[in-house]
Amino acid sequence: MLKFVRTEKGLDFKYQADYGGNAWVRENLKDKREVLISSVFYFEPTDLINKPPNSSTTIGDFTYEFRFGTYDGEYIKIPGCRLGIDNDVLIVSNMEFKRSLFAAERNISIFGRLASLLDHTDPIVVGGARIDAIPRAVFEELQGKFPNTYELDRYADARVSTVLSQYLDGMKDARGRYETYLNKKLAGKAGAKLDLEALKKQEIEKYILIRDLIEDALATKMDMSESEWQSLMMSFLLLLFPKYIKVLENVTIHDYYSDPTKKTDRHIDIALVDANGNLDVIEVKKPFEDKILRKSQYRGNNIPTSELSGSIMQAEKYLFHLSKWGVKGEKTLTSKYAAELPKGMTVRISNPKAIIIVGRDQIGGANMTGGQLLDFEVIKRKYANMMDIITYDDLLRRLNNTILALGGDAAGKLKS
């Protein structure tokens with residue numbers, strides 16, 4: 001019998017052996033100056049509240065009482081030595097105190113396992129309002145993550161089978177049985193779904209923030225220089241284009257073609273690296289009007305402005321020089337940016353693409369007509385295999401459509 005009893009000062013621990021008698025507890029306290037009870041709890045003679053009888057005939061029914069924890073604000077504070085660890089443990093006092101709070105299957109000490117993963121001796125806090133606390137729900141989920149006896153047996157069989165099957169014939173498919181068990185276990189948790197509504201809400205709020213920042217910048221920050229505008233946009237490029245994990249600034253690449261007699265350095269203002277290490281280029285221009293299509297037509301067609309043509313040409317040349325640089329360029333860039341990229345990642349120049357963010361959808365102070373939008377779409381599709389041309393108005397439309405698709409309304413709020 002093992003139970004925890006609340007007192008005015010905190011929490012006491014009561015223990016009486018279910019079989020085999022209690023004399024061994026008294027002898028361990030006397031000889032070893034410590035006793036391990038139920039494979040998890042450690043006590044010293046000074047922790048004992050009541051004195052056991054000396055007679056071996058009466059000690060069999062004796063219930064030992066030990067000091068276990070004391071009140072500390074909203075917590076029960078348990079000295080680490082009670083659990084065989086260096087970290088004190090603080091558990092919010094309204095928790096139900098029982099053995100399973102401290103021990104998993106096969107007498108695995110839950111707090112012993114936690115402490116082994118820490119590189120400090122600060123208290124382990126469970127529940128309550130402390131900023132360093134493990135939330136109660138998370139701790140309860142953690143308790144369920146410890147493998148049960150059946151799972152441990154299947155895992156052990158699978159490990160043994162993996163080794164011995166190389167030398168012995170006729171062995172059972174232990175690994176198959178283990179994997180079948182895991183699949184059933186995971187299938188049984190199909191009902192424990194993620195809180196998708198909470199995730200959706202966070203995504204909507206993220207895109208609302210980006211949209212509002214861009215709208216505010218378009219309305220109030222047009223006096224910025226191009227470099228200042230680029231810095232503003234770089235702060236959320238990875239949120240706008242989530243396939244990328246890193247923004248690189250002022251990337252130097254080598255040009256061996258403009259002047260065949262020497263190597264010329266070119267500088268890409270902004271480059272993006274995706275999760276596989278592939279390098280792409282992004283050109284961020286200031287959002288002036290009349291920078292997409294010329295006001296006058298050529299034989300009834302709307303043609304790009306010199307600003308747009310120049311941006312496209314600049315991006316094309318960056319992609320050309322990157323591709324020609326090839327493996328040598330990959331090694332150079334990997335070495336240069338190794339400290340900024342995930343460990344072991346290699347920068348890859350594999351059919352690089354470009355993104356151009358430029359201009360507004362207005363010409364002469366008015367929105368583009370249907371014909372102008374069609375001609376602009378023709379221009380974009382001409383280069384679609386190598387670059388994506390996006391206006392700031394198009395960017396806002398994409399953000400609004402994303403918000404709506406995630407379940408937000410026109411203002412960006414989550415629909416009920």
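Buried means under 20% relative accessible area, exposed over 50%, and partly exposed in between, with a 1.4 Å probe and protein chains only. Keep those cut-offs in mind as you click through this predicted model, where local features need pLDDT of at least 70, side-chain atom pairs count only at pLDDT 80 or more, and totals for chains, interfaces and linings use all residues. Residues are numbered from 1 along each chain as its sequence is written, and side-chain values use heavy atoms, with hydrogens and water left out.

**Whole chain**

Start with a cartoon of everything. The protein chain has 11 helices and 17 strands; these are DSSP runs numbered from the N terminus, H or I of at least four residues for helices and E of at least two for strands. Of the 416 residues, 39% are buried. Contact here means heavy atoms within 4.5 Å. Among contacts between residues at least 6 apart in sequence, 61% join residues at least 24 apart.

**Glutamine 230**

Select glutamine 230, in helix α7 (residues 226–234). Its relative accessibility is 10%, so it counts as buried. Show its neighbours: beyond residues up to four places away in sequence, glutamine 230 touches Asp269, Ile270 and Val284.

**The nonpolar cores**

Now select Phe66, Phe68, Leu83, Ile91, Phe97, Phe102 and Phe111, the residues with the most contacts inside the largest nonpolar core, which has 43 residues. Such a core is a set of buried Ala, Val, Leu, Ile, Met, Phe, Trp, Tyr and Cys residues joined through side-chain atoms within 4.5 Å. Centre on phenylalanine 102: leaving aside neighbours within four places in sequence, its contacts include Phe4, Val40, Phe41, Ile78, Ile108, Ser109 and Ile110. A second, separate core of 33 residues includes Ile312, Leu322, Leu333 and Met368. In soluble globular proteins, nonpolar side chains tend to be buried together.

**Threonine 252**

Leu333 also turns up among the contacts of threonine 252, along with Asp265, Arg266, His267, Trp325 and Lys336, once neighbours within four places in sequence are left aside. Threonine 252 sits in strand β11 (residues 244–255) and is buried, with a relative accessible area of 19%. Display side chains here to see a polar contact of 3.1 Å between threonine 252 and histidine 267. A polar contact is a pair of N or O atoms within 3.5 Å; within protein, one must be able to donate a hydrogen and the other to accept it, and residues adjacent in sequence count only if both atoms are side-chain atoms.

**Helix α10**

Move on to residues 370–382, where α10 spans 19 Å from first C-alpha to last, close to the 18 Å expected at 1.5 Å a residue for its 13 residues; the expected span is 1.5 Å times one less than the number of residues. Which residues of α10 are buried? They are Gln372, Asp375, Phe376, Ile379 and Lys380. Look down the axis of α10: these buried residues fall within an arc of 145°, so they line one face, the arc being that of the directions from the helix axis to the C-beta atoms. Their cover includes α9 (306–336), β15 (362–363), β16 (366–367), β17 (387–390) and α11 (392–405). Turned away from that buried side are the exposed residues Gly370, Leu374, Val378 and Arg381.

**Two loop arginines**

Finish with arginine 33, in the loop between α1 (23–31) and β3 (35–37). Arginine 33 has a positive phi of about 60° although it is not a glycine, and counts as exposed at 52% relative accessibility. Then select arginine 299, in the loop between β13 (279–284) and α9. Its phi is near 50°, a positive value in a residue other than glycine; arginine 299 is exposed, with a relative accessible area of 73%.
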